[in-house]
Amino acid sequence: VLFKTDAVGRTVMIALLLLVALFPLFVTGGAVLGAFRRDLWLESTLLAGVIHGLAHLPVATLIIGVGLRLVPAEYEEAALLEGAGALRTLLRVSLRTAWPAVAGAVLLVLLWTWTDNTITDVLLVRTFAEEVYTQYALRGRPCEPAAVAWPQVLIFGALLWTARKGLLHGSWAEAAVAGPRLFRLGVWRWPVSLAGGAFVLALVAAPVLSLSRRIENFGEAAANVRLFAPHIAVSAVTGLGAGLIAAGLAVGLAWQAARNRGWRVALGLYLAVMLALPAPVLAIGLIVLLNRPGWVGEVYGSPVILVMACAIRFLPVAVIAVAPAVRAVPIEREMAARVDGCGTAGLWWRIIRPACTPAAVGAAFLVVVLSLGELPCAVLVCPPGYEPVSVRFNSLIHYGLYADSATLCLMSAGAVVVPWLVLLILLRGRLLR
């Protein structure tokens, strides 16, 4: 409806869907837990799956929608000329052609669900990521968590390795500009538009209403806002630092991968391993490397460790985000610049930087949003006095969803508005058409 029809207000609906996609996982989790009694759903794998499904539904919709936009219009036109109706063309041609996007969405949801223990820790559900965290918390040794994590890394690493070309390919960057072929809904246009709009508005409003019900006193809410402001600030600064580092490194890595086959193989292997790695394993690795005397220990005891954890964890996401823009830079332009005497530094400043700045800014803000909801790494490495909002929520939600934790969730949801507006500006020529 949003990406392949002429539904009324679909641009606004896509923008709202993007907003919900940026909500941290614990916001959706808190909203769902607010609608149920947590003590009745402890150890419920079903509820954990429902929360992850609702949280990742907007992202999966956007990915599949972009895939549908990239279906060549001539395929659909040929099917329509041969007498196939709009619905049959959509099912037999559009969806079949866009199957890589569907498979990618499924793989991404599986990865996020298997490598994160934000919700499973609250519900006491035993998963790979939760078992890694539990083993380390109980024994304090890295060998057991590493052993537990290997099966998952091997399975998902192999799947991601097969998809490495698609992750690092940039042809969609040009194709998305042209826009999709839209199917006309005819007499169903307004009913379908109203139904789609109601569904998207429900995705936005339901978490806000569920959390707001837990706040009974405005004065108490205001006091909680002041109390949690430092935690929001820590997360914002951490995310901004991680975003700048990840985006800067991502452009260089993507450029090397686009121009050098050896780098491309190495980067594909890196992406496969890092995306498949349970998040607590990364935190344990940082603890093993940095928790020692000297200046290294000073880094470990400072907020820099949070920036490092978020930058390392979300660097693969930033690489995938900027890869299309890097590959879209014509190699002939680089060769002409070198012929004119431009060195590597000049090439970067005059050719790569202007072409990739919008993508790098978008990747940076994407990392900022992801860092805001980062819990599995932060809960293990955050230094005293620098508790991010996700860790603070984790300490509160185990007592139940009350006014303080509900306020913290609403503040976190509001914190993504600025990155959302930036992403809307960057995507207005592609996604919002």
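T89 is buried, because its relative accessibility is 1% (buried means under 20% relative accessible area, exposed over 50%, and partly exposed in between, with a 1.4 Å probe and protein chains only). The model is a predicted one: local features need pLDDT of at least 70, side-chain atom pairs count only at pLDDT 80 or more, and totals for chains, interfaces and linings use all residues. Residues are numbered from 1 along each chain as its sequence is written, and side-chain values use heavy atoms, with hydrogens and water left out.

T89 sits in helix α5, which covers residues 86-97. Leaving aside neighbours within four places in sequence, T89 touches E76, A79, L80, A84, S94 and F183. A contact here means heavy atoms within 4.5 Å.

The protein as a whole has 23 helices and zero strands. These elements are DSSP runs, numbered from the N terminus: helices are H or I with at least four residues, strands are E with at least two. Among contacts with a separation of 6 or more, 80% join residues 24 or more positions apart.

The radius of gyration is 23 Å. A compact globule of 433 residues would have a value near 22 Å, so the two agree. The radius is taken over C-alpha atoms, and the globule rule is 2.2 Å times the number of residues to the power 0.38. Along the principal axes, the C-alpha atoms fill a box of roughly 65 × 60 × 40 Å.

The accessible surface comes to about 20500 Å². Carbon and sulfur atoms supply 69% of that surface. Areas come from the Shrake-Rupley method with a 1.4 Å probe; for residues, only the protein chains shown count as cover. There are 33 positive and 22 negative side chains. The centres of the two sets lie 7 Å apart. Lys and Arg count as positive, Asp and Glu as negative; His and the chain ends are not counted. Each charge is placed at NZ of Lys, CZ of Arg, CG of Asp or CD of Glu.

A disulfide is a pair of cysteine sulfur atoms within 2.5 Å. By this rule, there are zero disulfides. For C143, the nearest cysteine sulfur belongs to C377, 19 Å away. C143 is partly exposed, because its relative accessibility is 46%. C356 is buried, with a relative accessible area of 3%.

G301 lies in the loop between α16 (295-300) and α17 (304-327). At 46% relative accessibility, G301 counts as partly exposed. G301 and S390 are 89 residues apart in sequence and 19 Å apart in space, C-alpha to C-alpha.
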